[in-house]
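Work through the exercises below with the model open. Try each task before you read its solution.

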Amino acid sequence: MSNAMQYCTRCLTPSTRPRVVFNEESVCNACQWAEKKKSIDWAQKWNELEKFCDEFRRKDDFDVIVPCSGGKDGSYVAWQMKHELGMHPLCVSVSPPLQTELGRRNLDNFRNSGFDLIEIRPNPAIYRRLCKRMFIEQARAKFPFVIAISTAVAQVAIKFGIPFVIYGEEGETEYGGSDKYVDQIFMDSESMVRVFHEGNLLSEYLDEYSKADLRWWLLPDEDDLKKLRITWWSKWESWDDELHRDLAVQKCGLQTSSGEVGTFTNYAQLDDILQDLHMYECFIKFGYGRATADCNLAIKGWRMTREEAVEIVKKKDGAFPEKYLSDYLEYFKMTEDEFWSVIDSFANTDVLEKVDGRWWLKPAVIKVLEKGGNII
């Protein structure tokens, strides 16, 4: 077991999370940011956002792009931009690989609540092949979607001549990653590729696909990309997932679920069954899954203690979404043995052990999870 394994003493973020940073008290930078946010003058931030909107405001045309899947965060941002800031948003959605019925309803409900929406639905045959390739090569089955919500949205913004784009949260700062983006208000191509795409350029896949095949996954020309002003809502208002949920339910028709595999919430990540595999892949590679992510949000929102979160994670994190296994096998055109061979090849054996055919945190890792700090 690696002696570098460490858990935050305030939340449950482990040192295996890419780019996370801890201080001398073993507090992760996401928790440090949560403390810092208390002293930020958010009223002043809002005033700055209003002035920024004024630069792009158009009386008779769309003036901002809001990427939105029909979930809580995009719905909240779009609603605020339209009704509180007086903008005219054009919302853009990239269809996920294996959309759920609930996800489809929520996107329709969002549009019907009063928004113009462009829905990009990539060629499903190409989409499937990309997802399978990234699953086999990186255990990142949903990453073609992650890339497209940057590249495709940028292409739409350029095509329509709308330089202002606003996403939801900037995850490196909010969840624990590179400290570089704490004071960075706008996304550039370097941060888009190196961090938010984890260094993946799908132009490198031209050995198998044509540029037309990869249309939605290729970056625009750098000169065009530089014309865009891409920012995140979390730079202008303190990020609050439950606030977003409440508004999305009340104003945009968001429907919640009965809860998904590996967590305790019922209002996030509802639109695609590959999301469950995505978070399981995260657990396999880094030793933390969806329950950890949701608990960390609750801890930072002062809705849950660390002790309560530990008990939830011990029960739920690492659970495989068995009910979707047949869907995954069909989508990837793989046998069950081939599927598990890929999963096993990426298992982080420093922190995981296999019990009854499934991977779970080692007892020693659970002990340090409970108290935080370092594994010696």
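**Exercise 1. Strands around β7**

Task: find how many bridges join strand β5 to strand β7, and in which sense the two run.

Solution. Locate β5 at residues 164-167 and β7 at residues 229-232. Four bridges join them, and the strands run parallel. Strands pair if DSSP finds at least two bridges between them. Strands are DSSP runs of E, at least two residues long, and helices are runs of H or I, at least four residues long, numbered from the N terminus. Next, take β6, residues 186-187. Strand β6 pairs with β7 over two bridges, in the antiparallel sense. Here Phe-186 stands opposite Thr-231.

A note on the source: this is a predicted model, where local features need pLDDT of at least 70, side-chain atom pairs count only at pLDDT 80 or more, and totals for chains, interfaces and linings use all residues. Residues are numbered from 1 along each chain as its sequence is written, and side-chain values use heavy atoms, with hydrogens and water left out.

**Exercise 2. A covered helix**

Task: decide how many of the eight residues of helix α8 are buried, and name them.

Solution. Helix α8 spans residues 189-196. Buried means under 20% relative accessible area, exposed over 50%, and partly exposed in between (1.4 Å probe, protein chains only). Six of the eight residues are buried, so by this definition α8 is mostly covered. They are Ser-189, Ser-191, Met-192, Val-193, Val-195 and Phe-196. These pack against α6, α7, β6, α9 and β7, with contact meaning heavy atoms within 4.5 Å. After α8 comes Glu-198, with a positive phi near 55°.

**Exercise 3. One face of a helix**

Task: explain why the buried residues of α15 line one face of the helix.

Solution. List the buried residues of α15 (336-345): Phe-339, Trp-340, Val-342 and Ile-343. Seen down the axis, they fall within an arc of 150°, so they line one face. The arc is taken from the directions from the helix axis to the C-beta atoms. Now turn to the face away from the buried side: Asp-337 and Ser-345 are exposed there. Cover for the buried residues includes α5, α11, α14 and β9.

**Exercise 4. Two helices crossing**

Task: state at what angle α3 and α10 pack.

Solution. Helix α3 (72-84) and helix α10 (241-252) pack at about 70°, with axes 8 Å apart. Axes are lines fitted to C-alpha atoms, for helices over the stretch in contact, and angles run from 0 to 180 degrees between N-to-C directions. The two helices are therefore roughly perpendicular (65 to 115 degrees).

Definitions and conventions. Angles under 35 degrees count as roughly parallel, over 145 as roughly antiparallel, 65 to 115 as roughly perpendicular and the rest as oblique.
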